[in-house]
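Please examine the sequence and the structure shown below.

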Amino acid sequence: MEHLRIPGPTPLPDEALQAMTKQMIDHRGEEIGQMIKRVTANLQQLFQTKNDVFLLTGSGTGGLEAAVVNTLSPGDKVLSIAIGVFGERFLTIAQRFGAEVIPLRAEWGKAADVDYVRKALQAEPEIKAVLVTHNETSTGVTNDLEAISQLVKEFDKLLLVDAISSLGSINLPVDGWHCDVAITGSQKGWMAPPGLAMVSVSEQAWRANAEAKIPRFYWDFAQAKKYLENGQTPWTPAMSTIFALSVSLEMMLKEGLPNIIARHARVANAAREGVKSLGLTLFADEKYASNTVTAIAASDGLDAKKLLKILSEEHHMTLGGGQQSLGGKIFRIGHLGWVTEDDIKAVLSALKVVLPQAGFVGGK
Ligand SMILES: Cc1ncc(COP(=O)(O)O)c(C=O)c1O
């Protein structure tokens, strides 16, 4: 079997795979309508929210774009907290649609400093919204969203959260932490294939939506809300992904959200302790190390690209590489969704063999 241990897409349980073999049905019919309503209600539970939740056909990036175009107008000032590749992407989307972006960056591998967020909000009272990545998949860092969200609401701003690689795996009470739009993707912790962005939309986000002037069509939340009343989506949805998600959500609810969150914490801990015991160094500030992806520095002679190549060719194991400027500098183990400690044991056993073959001279 191929060991796919990247931070999404993730391997799927048999039940979800089987669900995808279901024959096509009428996308305006009763059966899909009931399924969409059930999936949406189940997502609300797992998002810990009473807000509207929509299934948007597209990838997570589409969900980020949807958050921007549905709540902002050209010229709006936004504070964009970027601590890695995906924070930069969210920031760029806002810029591309004409927002006046105030960037707040942290060194890659570190979390956003909450004091700097406060200073930025104090310095610029005109800021309308704060954009933030909960879990930065490119660096393996989880921001302190609880503290950030408290601040954002103290200043009464809109909070748009990229929770693509955290929701459903790491605790994120969407209502408790006042997220106005929270976005995730089906291929991450949800044990489903790619194809859907799932987003929640608060009352405050709806008020912003009523005034937002950025043109929108495909991603229009108002259309999504109107169609959901009849268990439909405005445009043809990725039905096979919904079939799989419908099954995987039942599995998640059976396991229970607190257990899922605890399992991800345990598995992540096993990954971090395991790589350290091999003499490797974590890339992320350990205080903020992610429970869905572990980023490891290519130190002590390690050729990260060679490591990934040998793992793939000789051990049928795929780990993640570094993105953009982190190419060759780190590698990443994805541990979200359908994952247990045994999967991490398999990764660590393979690493033990391959590390010296890839030039690693540390840990002796
Ligand atoms: C934190 C985060 N944001 C955004 C994305 C982009 O999602 P997609 O590739 O589904 O468009 C990803 C995907 O890896 C991610 O992990």
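Strand 2 gives the largest share of the lining of the largest cavity, with three residues. The structure in view is a predicted model, and every value in this text was computed from it. A search of the whole structure finds three cavities of 30 Å³ or more. The largest cavity holds about 90 Å³ of space.

Around it stand Ile36, Phe54, Leu55, Ala224, Leu228, Gln232, Thr233 and Pro234. Both strand 2 and helix 8 supply at least two residues of this lining. Six residues of the lining are nonpolar and two are polar, while no charged residue takes part.

A pair of aromatic rings is described by the distance of the centres and the angle of the planes. Seven aromatic pairs are found in a search of the whole structure. What is the arrangement of the rings of Phe54 and Phe221? Their centres are 6.0 Å apart and their planes stand at 35 degrees, so the pair is tilted. This pair links distant parts of the chain, with Phe54 in strand 2 and Phe221 in helix 8 (residues 221-228), 167 residues apart.

Strand 2 also belongs to a sheet. Seven strands form this open sheet, in the order 2-10-9-8-5-3-4, and their pairing is mixed. At the edges are strand 2 (52-57) and strand 4 (100-105), each of which pairs on one side only. On average, and with direction ignored, neighbouring strands of the sheet are turned by 20 degrees against each other. Within the sheet, strand 5 (residues 129-133) and strand 8 (residues 158-162) run parallel and are joined by five bridges. At one of these positions, Leu131 has Leu160 in strand 8 as its bridge partner.

Helix 9 (residues 239-255) lies across strand 2 and strand 10, and runs at about 65 degrees to strand 10.

A further sheet is open as well, and is built from five strands in the order 1-13-14-12-11, again with mixed pairing. Which strands form its edges? They are strand 1 (3-5) and strand 11 (281-282), each pairing on one side only. Strand 1 pairs with strand 13 in the parallel sense over three bridges, and the bridge partner of Arg5 in strand 13 is Leu319. Strand 13 and strand 14, in turn, run antiparallel and are joined by two bridges; here Gly320 stands opposite Arg332 in strand 14. Strand 12 (residues 293-297) pairs with strand 14 (residues 330-334) in the antiparallel sense over five bridges, and Ile296 stands opposite Phe331 in strand 14.

Helix 10 (residues 257-277) packs on this sheet, where it touches strand 11, strand 12 and strand 14. Its direction makes about 15 degrees with that of strand 12. Helix 12 (residues 341-357) lies across strand 1, strand 13 (317-321) and strand 14, and runs at about 85 degrees to strand 13.

The last stop is the largest pocket, which has a volume of about 260 Å³. It is lined by 18 residues, and Phe86, Arg89, Ile164, Gln187 and Lys188 lie nearest its centre. Helix 3 (60-71) and helix 4 (85-96) each supply at least two residues of the lining, and helix 3 gives the most, with three residues. How do the lining residues of the largest pocket divide by class? Four are nonpolar, 10 are polar and four are charged.

Notes: Residues are numbered from 1 along each chain as its sequence is written. This is a predicted model: local features need pLDDT of at least 70, side-chain atom pairs count only at pLDDT 80 or more; totals for chains, interfaces and linings use all residues. Side-chain values use heavy atoms; hydrogens and water are left out. On a 1 Å grid over the protein atoms alone, a cavity is a set of points where a 1.4 Å probe fits but cannot get out, and a pocket is an open set with protein on both sides within 12 Å along at least five of seven lines; lining residues have an atom within 4 Å of a point. Grid points are joined across faces, edges and corners, and a volume is the space filled by probe spheres set on the points. Helices (H or I, at least four residues) and strands (E, at least two) are DSSP runs, numbered from the N terminus. Ala, Val, Leu, Ile, Met, Phe, Trp, Tyr, Cys and Pro count as nonpolar, Asp, Glu, Lys and Arg as charged, and the others, Gly among them, as polar. Two strands pair if DSSP finds at least two bridges between them. Axes are lines fitted to C-alpha atoms, for helices over the stretch in contact, and angles run from 0 to 180 degrees between N-to-C directions. Contact means heavy atoms within 4.5 Å. Rings of Phe, Tyr and Trp (its six-membered ring) pair if their centres lie within 6.5 Å; planes under 30 degrees apart count as stacked, over 60 as edge-to-face and the rest as tilted.
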